[in-house]
Amino acid sequence: MKTRVIHWFKFASPQNFYGLAGKLWPWFAALATVLVMVGLWISFFVAPVDAQQGQGYRIIFVHVPASQLSMLIYLVMAAWAGFGLAFNTRLSGMMACALAPTGALFAFLSLITGALWGKPMWGAWWVWDARLTSELILLFLYLGFMALHASIDDPRRADKASAVLALVGAVNVPIIYFSVKWWNTLHQGASVSMSGSSMASTMLTGMLIMVLAFWMYAIAIALFRVRNIILDRERHTEWVKHAVA
Amino acid sequence: MQWHSWTEFWEMGGYGLYVWGSFGATALVVVAEIWQLRAQRRALLRNLLNEISSQDETHSSSPS
């Protein structure tokens, strides 16, 4: 029997990962484009009007994906950061930095779309509710991560310091997720759970497709951004000179 | 089909501002992020090429 050994650590070197990311991101971008088009079609033309919230509920198709990704990206970022601390690999810090801005943007979108949803349904753009407040803290954690990283000149030291911040901040993610259960909040509980869904099936399909589309977008954009970061940090190496010349 | 006319579609049952505001903000952020990253990549490549060509010049002009 022939066994093929894949040398995963080969891609831990920024030089190899630069090439791999360059090959991969267009595929994820293409998937994201297709999924967004299907998702938008379902969001506006297939999913029926909601019995309680009328057409206003359609905000769910961007609000849920943005919120979910803002939490998920944070966990992936913290995992890369922790990996970097444990194994001292250069790529880990670069990946964490590549994810932070996109995570911050999704946290921002989660709050903006949430405000636009809260105003007509609750009568307020903002309330100091557990879900909203912990999501705002998530945005500040992202901004803190980026600010701390930018404030330290040596990128390797910046990786280490900001990795500690990312790991400590990770405790906020389960707080956001469970906030609607732990506290009596204005924010509605989860519409989808292990035991089933309280939504019409086309609404659910549309939402899941939009979530998947946002995933693909986040992967594509992180791969693209990490290439920029690699080029910048490795600009004095021979391989970069050969790669761009 | 959910809609009988384009006006009805844009009005979103009275929630037009909120629904289109949400989708618009998302679209704006996505477009801005992509644009920023492409501009950043172009600038990085430009600087790298300048650096390489200026190094080549100093090498060739230096007396051997």
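Chain A contains 8 helices and 2 strands, where helices are DSSP runs of H or I with at least four residues and strands are runs of E with at least two, numbered from the N terminus. Along the sequence these elements follow the order α-α-α-α-α-α-β-β-α-α. The structure is a predicted model, in which local features need pLDDT of at least 70 and side-chain atom pairs count only at pLDDT 80 or more, while totals for chains, interfaces and linings use all residues. Residues are numbered from 1 along each chain as its sequence is written, and chains are lettered from A and ligands numbered from 1 in the order in which they are written.

The C-alpha trace of chain A spans about 60 × 40 × 40 Å along its principal axes. Of its 245 residues, 39% count as buried; a residue is buried if 20 or more other C-beta atoms, placed from the backbone, lie within 10 Å of its own, exposed if 12 or fewer do, and partly exposed in between. Contacts, defined by C-beta atoms placed from the backbone and lying within 7 Å, were examined by sequence separation. Among those in chain A with a separation of 6 or more, 78% join residues 24 or more positions apart.

The secondary structure of chain B consists of 2 helices and 0 strands. Buried residues make up 9% of the 64 residues in chain B. The contact between the chains takes 31 residues from chain A and 23 residues from chain B. On the chain B side, 15 of the residues are nonpolar, 6 polar and 2 charged, with Ala, Val, Leu, Ile, Met, Phe, Trp, Tyr, Cys and Pro taken as nonpolar, Asp, Glu, Lys and Arg as charged, and the others, Gly among them, as polar.

The largest nonpolar core comprises 69 residues, such a core being a set of buried Ala, Val, Leu, Ile, Met, Phe, Trp, Tyr and Cys residues joined through C-beta atoms within 7 Å. Two or more residues each are given to this core by helices H1 (14-46), H2 (60-87), H3, H4, H5 (155-169) and H7 (201-233) of chain A, together with helix H2 (16-61) of chain B. H7(A) gives the most, with 19 residues. The residues with the most contacts inside the core are A:Met77, A:Ala96 and A:Val226. When residues up to four places away in sequence are not counted, A:Ala96 touches A:Met77, A:Trp80, A:Ala81, A:Gly84, A:Ala163 and A:Ala166. In soluble globular proteins, nonpolar side chains tend to be buried together.

The axes of H1(A) and H7(A) come within 7 Å and cross at roughly 155°; axes are lines fitted to C-alpha atoms, for helices over the stretch in contact, and angles run from 0 to 180 degrees between N-to-C directions. H1(A) is therefore roughly antiparallel to H7(A), a class assigned to angles over 145 degrees. The crossing of this pair is left-handed, a term used if the near helix is turned anticlockwise from the far one by less than a right angle. The residues of the contact of H1(A) with H7(A) divide into 26 nonpolar, 6 polar and 1 charged.

Helices H4 (residues 130-151) and H6 (residues 172-182) of chain A pack at an angle of about 160°, with their axes 8 Å apart. This angle makes H4(A) roughly antiparallel to H6(A), and their crossing is left-handed. H4(A) contributes A:Ala130, A:Arg131, A:Ser134, A:Glu135, A:Ile137, A:Leu138 and A:Leu141 to the contact, and H6(A) contributes A:Asn172, A:Ile175, A:Ile176, A:Ser179 and A:Val180. By class, this contact has 7 nonpolar, 3 polar and 2 charged residues.

A:Val127 is placed in the loop between helix H3 (90-122) and H4 of chain A. A:Val127 is partly exposed, with 15 other C-beta atoms within 10 Å. Apart from residues up to four places away in sequence, A:Val127 touches A:Trp122, A:Leu132 and A:Leu186. A:Val127 and A:His187 are 60 residues apart in sequence, and their C-alpha atoms are 9.5 Å apart in space.

Most residues other than glycine have a negative phi. A:Asn88, which is not a glycine, has a positive phi of about 60°. A:Asn88 lies in the loop between H2 and H3 of chain A and counts as exposed because it has 12 C-beta neighbours inside 10 Å. A positive phi is also found in B:Met12, with a value near 50°. B:Met12 is located in the loop between helix H1 (6-11) and H2 of chain B, and counts as buried, with 20 C-beta neighbours inside 10 Å.

Note on methods
Two residues are in contact if their C-beta atoms, placed from the backbone, lie within 7 Å. Angles under 35 degrees count as roughly parallel, over 145 as roughly antiparallel, 65 to 115 as roughly perpendicular and the rest as oblique.
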